[in-house]
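Welcome! Take a look at the structure below, and then let's walk through a few of its features together.

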Amino acid sequence: MGKTTGFMEYKRKNEAYIPAKERVKNYKEFTQPLKKSELQNQGARCMDCGIPFCHSGCPLGNLIPDFNDAVYQGKWKKAAQILHSTNNFPEFTGRLCPAPCEEACVLGINEDPVSIENIEKNIVETAFDNNWIKPILPLKKTDKNVAIIGSGPAGLAAAQQLNRAGHNVTVYERDEKPGGLLRYGIPDFKMEKNVIDRRLEILKAEGIVFKTGVHVGIDIKAEVLKADFDAVVLCGGATIRRNLPIPGSDLKGVVQAMDFLSQNNRRVDGVKKFENEILATNKNVVVIGGGDTGSDCIGTSIRQGAKSVSNFEIMPMATENRPEDQPWPFWPMRLRTSSSHKEGAERFFSISTKEFIGDKDGNLKGLITAEVEWIKQPGQRPILKEVKGTEKEWKCELALLAMGFTGSETTLADQFGLELDARTNIKASEENYRTNIPGVFVAGDQRRGQSLIVWAISEGRQVAHHIDSYLMGKSELPLKGQGDLPRV
């Protein structure tokens with residue numbers, strides 16, 4: 001695919017960033033798009049590799065060589081049709097996905113991989129710019145009613161697929177606006193919220209009904225859903241945050257990352273007052289956790305005017321290159337440096353927080369850490385060991401806990417009588433996404449645990465197929481890797 005010799009003629013070229021000193025003054029996206037001719041050259045780098053391992057790297061089964069070839073040839077509308085045939089929301093994944101497809105790219109064995117994610121984003125933005133993406137109404141309607149709980153990427157994907165099968169779809173969201181963590185969790189500088197609103201207008205025009213500010217399980221009980229709908233699909237997030245059970249964890253200033261991030265999303269959206277305002281302004285901030293959420297906290301803290309930002313990670317610093325025990329095409333645990341890391345944060349690895357220190361009024365004023373090492377044992381998990389004599393006290397007025405999630409809330413699961421696994425995820429197999437209660441399905445983080453946006457969209461699409469089959473006896477909705485009917 002692409003140009004036969006393109007991978008030898010063109011080097012990978014990434015989007016440039018607005019300089020850090022400028023971009024931290026606001027919450028706008030700060031990438032600078034490549035020219036169309038440059039993007040065509042990037043599409044030309046896609047090799048005629050025989051077996052496109054990028055397909056296996058992508059949970060959606062995106063037809064990557066096909067849309068790369070269309071971009072190379074300048075056939076942008078065709079590229080948009082190919083991309084949308086497997087991915088409902090490429091404008092989300094093109095900004096937020098960590099691109100496992102690129103780690104599986106054959107060219108990536110000995111060169112920089114094809115810039116698949118950036119090509120994807122530019123395809124969908126070109127489609128929106130040219131008004132190619134329009135509401136597509138179902139060819140026929142059924143008399144079946146489906147309730148979707150949660151309006152994150154899994155819920156939105158399931159809603160669009162089921163609506164296109166002709167069912168009456170109602171999406172319930174407990175927050176004031178739809179989008180889930182896309183809206184209240186992902187910083188605006190990574191994805192401005194008009195990107196969500198633009199797509200929501202299409203979904204509403206297609207006939208999907210959204211009911212916001214409704215906490216299902218509290219405002220509406222499970223028995224009401226069962227009575228009013230022919231099928232219910234639970235697409236909530238993994239919302240139980242991992243705590244740090246050490247002395248001082250109850251001090252004012254020790255805050256869960258998602259509380260900090262979601263509040264700032266609302267602040268950017270125009271909310272003026274909060275009952276418990278969380279701000280990094282003029283504070284020494286420590287972000288505990290080295291993943292994407294930690295990175296988001298860093299960029300947000302810097303934009304709020306933090307005095308300093310430090311990032312603690314209990315794991316050792318990874319290598320920049322692929323580790324020997326994680327061969328291509330598998331996802332490697334390599335050192336990843338985000339744009340937020342480059343904006344002024346200092347990163348520390350193999351470090352453990354032992355205690356939070358407070359003042360007489362219960363406010364956080366510092367913390368104590370120790371260096372750690374991981375002792376490897378053949379056939380066993382590494383053992384964490386503190387390095388003696390490495391204790392250190394740090395100034396800190398705001399500690400943000402970005403250590404991941406351990407499961408989902410169980411209120412609705414309890415009301416339905418659903419079976420759970422050891423991590424409070426709802427049990428259902430990928431074979432049909434059915435729970436132990438007939439007519440109740442589950443997809444996304446609430447089934448698989450904390451995961452990637454691309455997995456959420458994939459599971460939303462898959463569960464829609466199985467719900468349609470449950471309701472109608474068969475389904476023409478695609479499964480993973482199967483192209484949908486053209487949408488643009």
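Leaving aside neighbours within four places in sequence, Phe67 is in contact (heavy atoms within 4.5 Å) with Asn62, Ala79, Ile82, Leu83, Ile116, Ile119 and Ile123. This is a predicted model, where local features need pLDDT of at least 70, side-chain atom pairs count only at pLDDT 80 or more, and totals for chains, interfaces and linings use all residues. Residues are numbered from 1 along each chain as its sequence is written, and side-chain values use heavy atoms, with hydrogens and water left out.

**Nonpolar cores**
- A nonpolar core is a set of buried (under 20% relative accessible area, 1.4 Å probe, protein chains only) Ala, Val, Leu, Ile, Met, Phe, Trp, Tyr and Cys residues joined through side-chain atoms within 4.5 Å.
- The largest one has 67 residues, and Phe67, Phe92, Ile123, Ile148, Met191, Val463 and Ile467 have the most contacts inside it.
- Helix H17 gives this core its largest share, eight residues.
- Another core, of 21 residues, lies apart from it and includes Val24, Met258, Ile278 and Val285.

**Two helices that meet**
- Helices here are DSSP runs of H or I with at least four residues, and strands are runs of E with at least two, numbered from the N terminus.
- Among the residues of H10 that meet H17 are Pro153, Ala157 and Leu162.
- On the H17 side, the residues meeting H10 include Ile453, Gly460, Val463 and Ile467.

**A look at Gln256**
- Gln256 sits in strand S8 (residues 254-256).
- Gln256 is buried, with a relative accessible area of 12%.
- Leaving aside neighbours within four places in sequence, Gln256 is in contact with Arg241, Arg242, Asn243 and Leu401.

Note on methods
Buried < 20%, exposed > 50% of the residue type's maximum accessible area, 1.4 Å probe, protein only.
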